[in-house]
Amino acid sequence: MKNDQTYTTRTFDIPDGIDAVIEPMDATGYLAPVGFEDQLRAELGDVIESHDRLMFAPGPERRVFWAQNVWRNPVRMAIPSIKGAAKILKFNQRNWAMFKFDHFSRAKLIEANLPHVSAKRQVFGEPAPTAPLGSWTLIDPDTIIASMDCSSPWKNGEVEFEEDKTTPPNRAYLKLWEAFTRLGVGPEVGDRTMDLGGSPGGWTWVLHEFGTDVISIDKARLDPKIATLPRVDFRQESAFGLNPDEIGYIDWLCSDVICYPDRLFQLVNQWMDAGMATNFICTIKLQGDTDYAAITQFADIPGSKVVHLYNNKHELTWMKVPGVTDQD
């Protein structure tokens, strides 16, 4: 599970007049999504320290699937005071997100002495934040763990959107919004797209809003207001009975279909082998104990990656977008 990168520590500096001790942890921090702590702990295996959902494992960053945010090169900081802690953080970087789990009153006082970081919700269609955002947590009244370099540009990896509470028929559309926002790219007007497991129509609606022609596949019917959209071609059949050559080329193949991971793996390989789809966003549905072998077979597909989206539940998302996921 570990990668081959060289482990380096980004140096924290202490401003003049502040008496503090800062030590590198020689580890990496992984923040589990709420409710999926057991999955992350099992995935890491050798957790050496944990604070609520935040777990630390030795060495550099690893390929993990159940981390909502990764804290790279964290340090442990013995702080002299509330204001002293804030001064050290501000001296090294402007923007900081607190992970709050204990010592709430004291942590809030430190946070109040840091520059304000906007808590506004992400607007779909606007790019993800680009300003560096560090993370910190108070593990006891006099000790902070902090990382200047985190994997998510959102506070604690929480991608919360300004929601459309009237048009889409369910909240599943938020997963596809998050996937496109993370990727930084999406379909273009006139693209041919496909939504497998389309009912009741949240993902079909998202693809249609891009200006694409959408083939929506499901045995269950779409919500009528989605089915009557002008560029939606709804086909009431099984996603697994499709012949890619008969469907024709698809620019974006998206799937939120409920099935076992192995069956989805066979489906996407059928489309890749046929050369009839380029970009993929697919939900890997999981039941019971997490099947890491099934997940790894997706992650090992060249040029792709598997992540747990903030808006996922007991599921992961596999994405393959040339020029984007093959650069991660």
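User: Are F265 and F298 buried or exposed?

Analyst: This is a predicted model, where local features need pLDDT of at least 70, side-chain atom pairs count only at pLDDT 80 or more, and totals for chains, interfaces and linings use all residues. Residues are numbered from 1 along each chain as its sequence is written, and side-chain values use heavy atoms, with hydrogens and water left out. Relative accessible area under 20% counts as buried, over 50% as exposed, and in between as partly exposed (1.4 Å probe, protein chains only). On that scale, both F265 and F298 are buried.

User: How many aromatic pairs are there, and what is the arrangement of F124 and F210?

Analyst: Rings of Phe, Tyr and Trp (its six-membered ring) pair if their centres lie within 6.5 Å; planes under 30 degrees apart are stacked, over 60 edge-to-face, and the rest tilted. The count by this rule is 16 aromatic pairs. For F124 and F210 the ring centres are 6.0 Å apart and the planes stand at 90°, so the arrangement is edge-to-face.

User: Where in the chain do F124 and F210 sit, and how many residues apart are they?

Analyst: Helices (H or I, at least four residues) and strands (E, at least two) are DSSP runs numbered from the N terminus. F124 is in the loop between helix 3 and strand 8, and F210 is in the loop between helix 5 and strand 12, so defined. The pair thus links distant parts of the chain, with a separation of 86 residues.

User: What are the relative accessibility values of F124 and F210?

Analyst: F124 and F210 each count as partly exposed. The value for F124 is 25%, and for F210 it is 21%.

User: Which helices are tied together by the pair of F265 and F298?

Analyst: The rings of F265 and F298 are edge-to-face, 5.3 Å centre to centre, with 80° between the planes. The two residues are 33 apart in sequence, so the pair ties together separate parts, namely helix 8 (F265) and helix 9, residues 292–299 (F298).

User: Why is strand 11 described as largely enclosed?

Analyst: Strand 11 covers residues 192–196. It is largely enclosed by the rest of the structure because the buried residues number four of the five.

User: What is the handedness of the crossover from strand 11 to strand 12?

Analyst: Two strands pair if DSSP finds at least two bridges between them; strand 11 and strand 12 (residues 213–217) are parallel over five bridges. A crossover is right-handed if, with the strands pointing away from the viewer, the path from the first strand over the helix to the second runs clockwise. In strand 12, D213 is the bridge partner of R192. From strand 11 the chain passes through helix 5 (residues 202–209) to strand 12, and this β-α-β crossover is right-handed.

User: Which strands are at the edges of the sheet?

Analyst: The open sheet has seven strands in the order 13-12-11-14-15-17-16, with mixed pairing. Pairing on one side only marks the edge strands, which are strand 13 (232–235) and strand 16 (305–307).

User: At about what angle does helix 8 run to strand 15?

Analyst: Contact means heavy atoms within 4.5 Å. Axes are lines fitted to C-alpha atoms, for helices over the stretch in contact, and angles run from 0 to 180 degrees between N-to-C directions. Helix 8 (residues 261–274) lies across strand 11, strand 14, strand 15 and strand 17, and its angle to strand 15 is about 175°.
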